[in-house]
Each structure stands twice: as C-alpha cells, then as structure tokens.
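Subject: Structure for your review

Dear colleague,

Please find below the structure that I would like to hand over to you. My notes on what was found in it follow directly after.

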Amino acid sequence: MSLVTEIDYGTPAVKSEKTVTLNIDGFDVTVPEGTSVMRASMEAGIEIPKLCATDMVDAFGSCRLCLVEIEGRRGTPSSCTTPVSEGMVVHTQNDRLKKLRRGVMELYISDHPLDCLTCAANGDCELQDMAGAVGLRDVRYGYEGENHVKTRQNGEENPRYMAKDESNPYFTYDPSKCIVCSRCVRACEEVQGTFALTIEGRGFESRVSPGMHEDFLSSECVSCGACVQACPTATLQEKSIIDIGQPEHSVVTTCAYCGVGCSFKAEMRGDELVRMVPYKDGKANRGHSCVKGRFAYGYASHQDRILNPMIRENVNDPWREVSWEEALTYTANKFRSLQEKYGRESIGGITSSRCTNEETFLVQKLIRAGFGNNNVDTCARVCHSPTGYGLKTTFGTSAGTQDFDSVEQTDVVIVIGANPTDGHPVFASRLKKRLRAGAKLIVIDPRRIDLVRSPHIEAAAHLPLRPGSNVAVLTALAHVIVTEDLYDEAFIREKCDWSEFEDWAAFVADAKNSPEEVEKISGVPADEIRKAARIFATGGNGAIYYGLGVTEHSQGSTTVMAIANLAMATGNIGRPGVGVNPLRGQNNVQGSCDMGSFPHELPGYRHISDDGTRDIFEKLWGVKLNDEPGLRIPNMLDAAVDGTFRGIYIQGEDILQSDPDTKHVAAGLAAMECVVVHDLFLNETANYAHVFLPGSTFLEKDGTFTNAERRINRVRRVMKPKNGYADWEVTQNLARAMGLDWNYTHPSQIMDEIAATTPSFAGVSYDLLEREGSVQWPCNEKAPTGTPVMHIGGFVRGKGKFVVTEYVATDEKTGPRFPLLLTTGRILSQYNVGAQTRRTQNSVWHEEDLLEIHPHDAEQRGIRDGDWIRLASRSGETTLRTKITDRVAPGVVYTTFHHPGTQANVITTDFTDWATNCPEYKVTAVQVSASNGPTEWQVEYDEQAKQSRRILPAPDAAE
Amino acid sequence: MSLSVTSEEVTTRVGAICDGLAGLEGPLLPILHEVQEEFGFIPEGALQTIAKKLNLSRAEVHGVASFYHDFRTEKPGRHVIKICRAEACQAMGADELGNHAKRKLKVDWSETTANHNVTLEPVFCLGLCACAPAAMVDGKVVGRVSKDRLDHILNEVES
C-alpha cells in the first residue's frame with residue numbers, strides 16, 4: 001500500500017468541445033479550448049513550478065513562480081492565467097526562467113521560518129518542494145530584515161509576528177508560516193462558498209484574516225477544511241498531523257455521515273488514522289467535504305465504544321461481558337424459544353441506514369430466511385419512506401432522478417423542507433456555486449434557512465409556510481402553472497398519461513387551490529406563490545431538491561407526489577439539470593431501502609406477495625418465504641405492548657432517541673423479552689436491551705454505501721475491527737448460531753448475491769466498482785456503467801402519473817393550550833441523534849439543543865435569550881434553553897434533536913404519514929413557558945440511563 | 001462633551017448610507033467613503049452592518065476596508081495633516097519635514113495630538129512631485145512645504 005497521490009493540474013478542467021493543439025518544451029499537447037498553459041503542460045507530464053495555483057480554484061497569478069516563455073510574445077506570462085491557443089510554442093525551462101524563479105523563491109524564503117525538520121508539513125509542503133524544484137541554494141537577502149517569523153527582532157517585540165491561532169479544534173493557523181498565496185481565501189469562496197477568509201491589509205502587511213481579524217472559531221468559518229487542504233505550507237494544518245506526523249499510506253473510502261456520500265482518502269500511519277482528505281475523483285463531492293466527514297471521525301476510537309459483547313437477564317441488572325460465542329448462542333436460543341412459545345411472528349429486526357448494503361441485505365435475509373417472517377423494517381421508515389412510495393407511484397422508481405453533477409446545469413432550483421447548508425453541506429456548496437453563477441433559487445421552508453440569504457446567495461423567493469401546509473402550497477404553485485398556461489404540453493403529451501393530467505389540471509385549477517385561498521392556510525402571501533411559480537415554470541432547467549421537511553408529515557407521501565407533479569407539468573424530468581432530488585439523511589438510507597429492508601418489499605422494491613420474486617430468493621436460499629408483509633416499526637412496538645411481539649435485533653439504530661413519541665417506544669421496548677442492540681455505543685435504545693453486540697465503524701469493514709443519487713460507493717477497510725468482527729460477520733455468526741448455513745468470506749460475495757437476485761443491481765460487482773470508482777443504479781445489461789440521470793426518453797413505469805393531491809390538514813392542531821407549532825431539524829456540526837458527533841470535538845459548535853423562538857412569542861411569555869424553558873405538547877414535555885431569533889416566523893418554534901438530554905422526541909406525537917407511517921416530526925402543537933430546570937421525565941430518564949449502563953467488572957478482575 | 005456614538009446609531013446611520021448607495025455598481029467603496037465622511041472614521045460595527053446590507057461576508061468587507069490606509073478606525077483630530085513620504089518628496093527633504101512635524105506636535109505617524117486637534121498621517125504620493133515636498137491639510141494639497149511653511153500651517157490649525 002502507498003499514499004494515493006492525486007495530480008494537481010494547477011487550474012480547473014475546462015469543458016469545451018473545441019480542442020487546441022500547442023507545443024510545450026517540444027511536445028505537442030491537445031487540450032480543450034480555454035485550458036491554461038499550466039494545466040496543458042501538466043497533462044503532457046511537465047510540471048511547471050507553482051505556489052498560488054491549485055486545481056480546486058481558479059487561477060490567480062500572484063506567486064510569479066509559474067512564469068513561462070511563449071514564442072512570439074513579450075515577457076514571461078504566468079502559465080496559470082494564460083489560456084492556450086492554437087500553435088502556441090511554450091518553453092517552461094531556460095536560464096532566464098530559472099533565474100526569475102530563484103529570485104522569487106529567495107524573497108519567499110527570506111520571510112519564512114527555516115524549521116523544516118520540525119515542521120508538521122515536512123514531506124507535504126509545496127514551498128519546500130518548490131525550493132527544491134527551482135534549485136534554491138542561497139538567500140541573498142538574509143533573514144534579518146523585517147519579517148513575520150521571529151517573535152523578537154533587534155531586542156524588541158516584533159510587531160508583525162502573530163501567534164498561532166489554535167481556536168479551531170481540528171486545525172491551527174500559524175501566520176508566521178504564511179506566504180499569502182490566497183489559496184485558502186479562494187477555497188473558502190469558490191469551493192465552500194462561505195467567504196469567511198480574506199486578505200487584510202496590503203503589501204508586506206497582508207495577512208490572511210478569518211472574519212474581521214478574528215480567530216477561526218469566532219469567525220464565519222464552518223470548518224469544512226477546504227482551506228487546510230488548499231494551503232501549500234503548514235500555515236493551516238490539521239492538528240492530527242501535528243500530533244502524529246505525516247501518513248504513509250492511504251485508502252479511498254466513503255464517508256459514513258449524510259446521504260451525499262463523499263469519497264475520502266483515509267490517510268494512515270500504520271493502523272492509525274491520521275486524517276481524512278476528500279478525494280477529487282469522488283463523483284459526489286469532487287474533492288470537497290464538510291466538518292463532519294473530514295474531521296469528526298474521533299468517535300471511532302472514543303472511550304465510550306463498547307468492544308466486548310454483553311448480556312443481562314434483566315434490564316435493571318448491570319451488563320456482564322461475555323464471549324462472542326456466549327452472546328450469540330444466548331441470543332439464538334432466546335429468539336428460538338420466543339418463537340416456540342409465542343409463534344414465528346413474535347420476533348423481528350431493524351436494519352441500519354448507517355451500515356453497508358451488504359450488512360443490510362444480510363439482516364433482512366436473516367429475518368426472512370432465518371426468523372421465517374417479514375418483520376423487518378429500517379430507519380428509513382422515519383425519514384424517506386414517503387419518497388419511496390411517492391416516486392414509485394408517479395415515476396416508477398423509489399429514488400432521486402439525478403446525479404449531483406446535474407446541479408451544474410440547473411437554472412432554477414426549488415429547495416423545499418431541506419436545509420442543505422447544515423444537513424448536506426457538500427451538496428450545498430455545489431448548489432451555491434451554481435447560484436453564484438446565476439441560477440435562481442426558491443426556498444419553501446418555515447424557517448429562514450441560510451440559503452435564503454447568505455453572502456453572495458439570495459433566494460428569488462422564500463415561501464415561509466406554516467408547518468404542515470406543504471401540499472397546499474405545492475398545489476397552489478401548480479394552480480398558477482396550469483391556469484396561466486405555463487405547463488409543458490409537449491412533454492406531458494409525450495411522456496405522461498394525458499387524461500390523468502387533465503384530471504389533475506382540473507383539480508389544481510379549482511379556485512380552492514388558488515394562491516389567494518392557500519394564503520389563508522399557509523400564511524404565504526399569494527403574490528409570492530405566484531412569483532415563485534412563474535420563476536420555476538419559465539426559468540429554464542428546473543430542479544427540485546427536498547428533505548425531511550417534505551416527508552415527515554401526515555401528508556408526506558402526498559407532498560412527494562405533488563413535487564413529482566410539478567416536475568412533470570413543467571417538463572423537468574429526464575435530462576441533466578432538472579429532476580426530483582430527495583436529499584437523503586443518512587449515508588445509506590437509499591441503500592437500506594434498496595436492499596429490501598421494508599416488511600413488504602424484497603430487494604429492488606419488489607413486493608413480497610409477488611410469486612416470481614419470492615421464487616428467486618427461495619431457490620437461492622433454500623427456504624420457503626412468507627408471502628405476507630411483516631410488521632413496521634410502530635406496529636412492532638404496538639404488538640410488543642400487546643404482548644405478541646417479544647424479541648428484536650436492532651442493528652445500528654437508536655430508535656428510542658430517533659423515533660417519535662419516546663415514551664411509547666420505551667414502553668414497547670420494555671415489554672420485550674429479548675432486545676438485541678448491535679451498535680458502537682450503549683445508545684439510548686440499549687437502556688432497554690438484554691444483549692449488546694459491539695459494532696464496527698465504517699473504517700473497519702469492506703462494503704458499499706448508496707448515496708442520494710443512487711451512487712454505489714465502495715467502503716474500504718482501513719483498520720481491523722476493534723470489536724473483533726465487521727458487522728456483516730456478526731450477523732452471519734448470529735445466523736449460524738440460529739442454524740443457518742452461511743459462509744460468506746468477503747462482502748463482495750454478498751454483493752454478488754444481490755446482483756444475482758436484483759435486476760437493478762445485476763451489473764454491480766466489486767470488480768466493476770474498482771474499475772469505475774462508483775456506479776449509479778440501475779446498473780445492468782442496458783446500462784453497464786450505471787445510470788446518472790433516470791427517465792431519459794420515458795418514465796420507468798411507462799407513462800408518468802399525475803396524482804391528485806388533496807390537502808388534508810394534520811390532526812395535530814394548535815389550540816389555546818398548545819398555541820405554537822414546533823418543527824425540528826439539524827445543525828451542521830452535529831449529526832442525527834449525535835451518537836457519533838457528540839463524541840467528537842464538533843460539540844464546540846453545538847453543545848446542546850436550543851429552542852428557536854420568534855422575539856414576539858418570547859416577549860409574550862417573558863422569555864429572554866438563553867433562558868431555560870419548558871416545552872410541552874400533548875405527548876410530553878422537556879426543557880431546554882432558548883435562542884431568540886426572527887429566523888422562525890411568529891407562531892413557529894424550532895429545535896434540533898442531537899442530544900439525548902433534551903429528548904425532543906418526547907414532545908413529538910405518533911401521527912404518521914397516511915401511506916407509509918413515516919412519523920410527523922415536523923409538526924407538533926406545543927406550548928413554551930418559563931422553567932427552572934429539567935423535567936421529572938428528564939431526571940428519571942437520566943437516572944435510568946445511568947443505571948442501565950453499568951457494566952460489571954470482568955470476573956477475573958473481581959476475584 | 002462626549003462625541004461617542006452608540007452602536008444603535010451607527011447601525012441606523014450606516015444602514016441609511018447603504019440603502020442610499022446599494023444600487024450602484026460596486027457599492028462598497030462609495031459606501032465606505034460616505035461612512036468615513038459621516039463619522040470622520042469607520043466606527044465599530046459599521047462593517048458588520050455594511051456586510052449584512054450588501055450580503056457580503058464580514059471578512060470581505062474587512063479585507064477591502066483594511067486595504068486602504070485612508071479608512072480610519074479611530075476618530076481623527078479636528079485637523080488632518082498628511083505629509084508625503086514617497087520618493088520625490090523624500091529627495092526634497094520630506095523625512096526631515098516629517099520629523100519636524102512629529103517633534104512639534106509630539107506625536108508619531110498616524111497619531112493624534114493629546115488635545116485631539118491634529119492627526120499626522122503619512123501619505124505615499126499626492127501626485128504633486130513637481131512641488132515636492134508636498135502635504136495635504138484637511139483635504140487641500142499644499143506644495144513646497146518648508147519647515148517655516150509647516151509651522152505656519154500648524155499655527156493656523158491650532159488657532
């Protein structure tokens with residue numbers, strides 16, 4: 001193994017049909033028109049010295065190191081800013097250029113520390129490399145002049161010296177090493193789009209400044225790390241490199257946080273992870289990352305991680321560490337005896353959207369083939385199940401239609417019920433880049449999210465609707481499009497069912513769906529709705545991106561179909577730049593759905609009642625499959641309370657914290673006889689568990705994740721599992737303990753089984769992934785290297801289906817006791833229930849959940865910023881602190897659910913989507929009042945959690 | 001008499017300036033000039049307001065404002081005297097002139113006299129090389145500034 005090194009071409013690739021041929025140092029090179037001389041040269045294998053250029057950002061031309069001579073032109077132009085032209089003859093090396101470059105390097109080095117041997121960037125420093133490349137032997141200016149390097153100069157304090165800024169938990173800024181090449185500033189602007197950095201002052205006084213001469217932590221910096229990656233010296237340096245040293249080998253793998261699915265190089269020193277560096281060939285992220293993927297991996301080696309299996313007879317007992325064999329035999333016997341006593345249907349399992357496709361496939365296989373029932377569900381139930389249902393109904397596939405590259409060709413974007421800058425930061429950066437280039441944006445969200453207005457980004461329209469009125473607003477948009485004849489008749493006639501369209505058009509054109517009527521329900525001014533509809537329908541390529549603010553409603557599935565209707569009506573399906581794009585929450589939500597995690601569907605979204613499909617699996621697995629759908633998560637919990645459901649195997653999910661109506665979940669779990677939790681940590685669900693099987697992190701196993709764009713990305717093992725086994729091995733061993741004859745020796749064999757049984761994965765193999773890097777399903781004979789954009793030339797289901805989307809108000813209504821509407825979301829630095837990110841230094845940005853409340857509502861209640869408040873709903877109550885902000889509208893409050901101490905889901909109700917049971921997290925009627933501290937429930941819960949996490953010392957230590 | 005302005009006042013007055021000029025192409029520099037005109041310097045909080053109004057980051061506005069030495073962050077004296085220190089003026093004795101001014105006023109470069117009357121600033125070329133050494137007194141250029149002439153100016157501004 002060696003370090004994966006990517007070529008830095010110096011300037012970004014240019015997309016141009018036309019090519020140009022030029023001659024560089026005697027070699028002919030043909031490149032797209034508009035390419036820089038520097039890049040053309042690198043493509044010919046000739047590296048021109050450079051410092052301020054890197055191919056993640058546009059050319060800047062400031063370092064004067066990349067000068068070249070071009071025949072017929074005067075002077076020595078910088079190769080990074082000079083575009084190629086036909087017949088150009090370039091010389092990159094001669095005596096004159098050598099002299100110039102040495103002169104430039106002398107100046108740089110005269111104001112740079114000479115501590116290379118002890119510098120953290122030693123071995124990975126472009127300044128060092130360039131000094132070598134230009135043959136620097138001497139600095140004629142000496143080092144005694146004015147400088148930024150020395151703390152003291154001529155016996156006095158050196159006013160130019162600035163101390164190291166160590167405020168960011170993950171990287172340091174050492175101004176004394178800075179060569180002011182501006183790469184960090186440009187990366188922050190062009191790649192990340194936050195504009196948190198600048199060059200302050202001028203001339204010799206020029207310094208990189210976060211914010212207004214602030215430290216990094218208090219500046220606008222979001223810690224994405226693009227600047228650190230761009231820095232050619234040790235000025236911006238990962239603290240992990242300072243601590244450990246330079247990596248010696250690296251492995252390309254996939255991030256295990258959100259559904260963007262960024263590719264990273266895990267850079268290692270032995271079996272120690274030194275840093276994560278986004279991989280430029282990663283097709284989802286194109287070399288970018290966020291604070292979670294790049295920096296927040298510390299949980300993998302956190303002391304809270306449980307590494308030994310544990311069991312206990314009773315949840316009030318302390319845990320007892322046991323061998324793997326004992327734990328698995330115990331579990332198998334318990335499950336079998338429960339089935340003997342209470343029937344085959346009395347146990348089930350939950351697959352994880354955090355685990356790999358292969359692991360998910362095995363868990364559902366264990367349940368269907370081993371347990372002999374279909375009681376399998378997944379956390380997608382509580383997030384994107386309406387997406388699956390809605391898009392399958394209208395288009396014919398349960399997935400987004402585009403790849404992320406598609407955003408580069410979009411002209412109008414609707415973002416609804418999503419907060420990409422926090423939830424899907426890398427996609428947000430790509431979107432913002434497109435918006436800065438001129439695309440228009442419409443935001444439909446109760447909250448004024450960052451995309452509505454942040455530096456250089458401004459939404460053309462923001463529809464701040466009341467939570468729960470998504471369907472009404474989307475139908476009103478359709479009303480405007482239909483009544484103003486803005487629909488794409490040719491597209492609809494060709495690709496969709498025309499008579500269904502006519503029915504739908506008649507429905508949306510009804511006066512009750514007009515913006516004026518909908519204004520009364522949604523609170524969004526009719527004019528704004530009309531404006532948004534016109535922008536979307538007439539602005540060119542229109543794309544819709546949505547998140548859980550769409551799905552987690554009682555009308556979640558209806559909203560997804562309303563979105564599909566809009567896309568079809570405006571002809572925005574089936575080519576790059578358009579489409580319907582669910583932003584998936586977890587790294588492998590798409591994959592866990594694809595792998596047959598739902599009780600009614602076998603892998604590939606084929607219904608369990610379909611004889612042909614069952615037959616494929618029955619033949620391969622040698623068992624008879626039950627043809628009746630099994631229980632969904634809420635049904636399992638109900639059945640547990642009723643006493644008919646007695647045991648559950650939960651892989652990598654914390655349903656107690658993440659699922660709605662915590663008390664009901666707790667009651668369900670408490671009623672079971674054997675709860676098996678397979679996880680990294682003693683999570684909240686484990687408080688009710690009888691068996692704990694330690695899990696492995698994404699760094700410790702091979703497999704694949706499927707991201708929001710249907711992209712199957714490889715996950716590669718970079719270290720051996722600290723707990724002994726990868727999760728797929730644990731599931732296999734449990735299956736064996738239950739008498740199944742499973743003999744996988746590598747996850748690639750599981751993928752082969754998936755490919756053999758599932759048409760949309762038919763062409764997928766680890767060999768293919770190795771060759772292509774990644775592929776988007778469907779990947780089969782018709783599309784051997786996958787399908788970036790779906791429904792080209794026609795819908796998968798045949799004709800696109802328009803569905804009438806009648807608005808039905810949720811039963812969760814405000815009233816005198818609960819006058820406010822609570823909606824929930826997430827924040828950039830934390831992830832989901834926080835099990836991972838809370839165990840990293842990301843908590844410096846968000847150490848507790850806060851309730852956002854409008855100044856008007858706060859004043860009415862006598863609440864000040866930062867006060868403890870009691871948040872109560874019909875389901876329960878909790879306490880947390882407030883943040884007063886006009887980001888939320890009057891009447892709406894907002895919080896995150898990252899911290900178990902808050903237990904925001906004690907508040908949420910058990911109302912669910914009518915079609916899929918996806919919980920209505922996003923609308924809860926609440927009241928807010930002053931409070932002194934935690935509620936009784938929080939105190940009790942804390943106590944119980946503490947009790948249930950006791951672990952007995954190992955027997956030999958006790959003796 | 002306190003001349004300090006409250007942060008609310010800064011926000012309001014800077015906000016009004018931004019609203020008036022935001023329609024210009026490249027409005028940041030005209031706004032910064034106008035703010036300096038209004039307050040005599042760029043008061044604390046002004047840059048944040050400008051950033052918000054123009055939908056720029058704080059960093060960007062800081063980068064621009066700190067690039068130009070003419071944008072001050074502290075209230076200047078009632079009179080501002082700038083003495084050119086660029087090459088032509090240096091050749092004609094500007095250094096000596098500058099030292100003379102510093103001695104007389106008991107200040108260093110970019111400082112204000114204790115009584116808040118005069119701020120002495122260096123400037124690098126007023127475009128008046130033919131009349132070196134040159135200075136600028138409260139916005140008006142003065143050529144061929146000898147020590148005597150400078151004393152005369154100082155007497156005038158002190159009266």
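In this predicted model, the interface between the two chains involves 19 residues of chain A, which are in contact with 11 residues of chain B. On the side of chain A that touches chain B, the elements contributing two or more residues are strand 8 (197-200) and strand 9 (207-210) of chain A. Strand 8 of chain A gives the most to this side, with four residues. Sorted by class, the side of chain A that touches chain B comprises seven nonpolar, seven polar and five charged residues.

Turning to the domains, the assignment for chain A gives domain 1 (19-133), domain 2 (152-301), domain 3 (312-382 + 589-758), domain 4 (385-582) and domain 5 (820-947). I looked at the pair formed by domain 2 and domain 3 of chain A. Their C-alpha centres lie 39 Å apart, and 16 residues of domain 2 of chain A are in contact with 17 residues of domain 3 of chain A. On the domain 2 side of this contact, strand 11 (249-254) and strand 12 (263-269) of chain A are the elements that give two or more residues. Strand 11 of chain A supplies the largest share, four residues. The residues on the domain 2 side divide into nine nonpolar, five polar and two charged.

A database annotation also concerns chain A. An unreviewed UniProt entry lists residues 248-304 of chain A for "domain: 4Fe-4S Mo/W bis-MGD-type". In the model, the end C-alpha atoms of residues 248-304 of chain A lie 28 Å apart, and the span is 9% helix and 35% strand.

Finally, a helix pair in chain A may interest you. The axes of helix 13 (residues 470-483) and helix 16 (residues 515-522) of chain A come within 9 Å and cross at roughly 170°. Angles over 145 degrees count as roughly antiparallel, and helix 13 and helix 16 of chain A are therefore roughly antiparallel to each other. Their crossing is left-handed. From helix 13 of chain A, the residues A:Ala472, A:Val473, A:Ala476, A:His479 and A:Val480 meet A:Pro515, A:Val518, A:Ile521 and A:Ser522 of helix 16 of chain A. By class, this contact has seven nonpolar, two polar and no charged residues.

Yours sincerely

Methods
Residues numbered from 1 in each chain as written. Chains lettered and ligands numbered in written order. Predicted model: local features only at pLDDT ≥ 70, side-chain atom pairs only at ≥ 80, totals over all residues. Contact = placed C-beta atoms within 7 Å. Nonpolar A, V, L, I, M, F, W, Y, C, P; charged D, E, K, R; others polar. Domains from an automatic or database assignment. UniProt positions renumbered as here; feature names shortened; annotations may be inferred. Axes fitted to C-alpha atoms, helices over the stretch in contact; angles between N-to-C directions. Parallel < 35°, antiparallel > 145°, perpendicular 65-115°, else oblique. Left-handed = near helix turned anticlockwise from the far one by under 90°.
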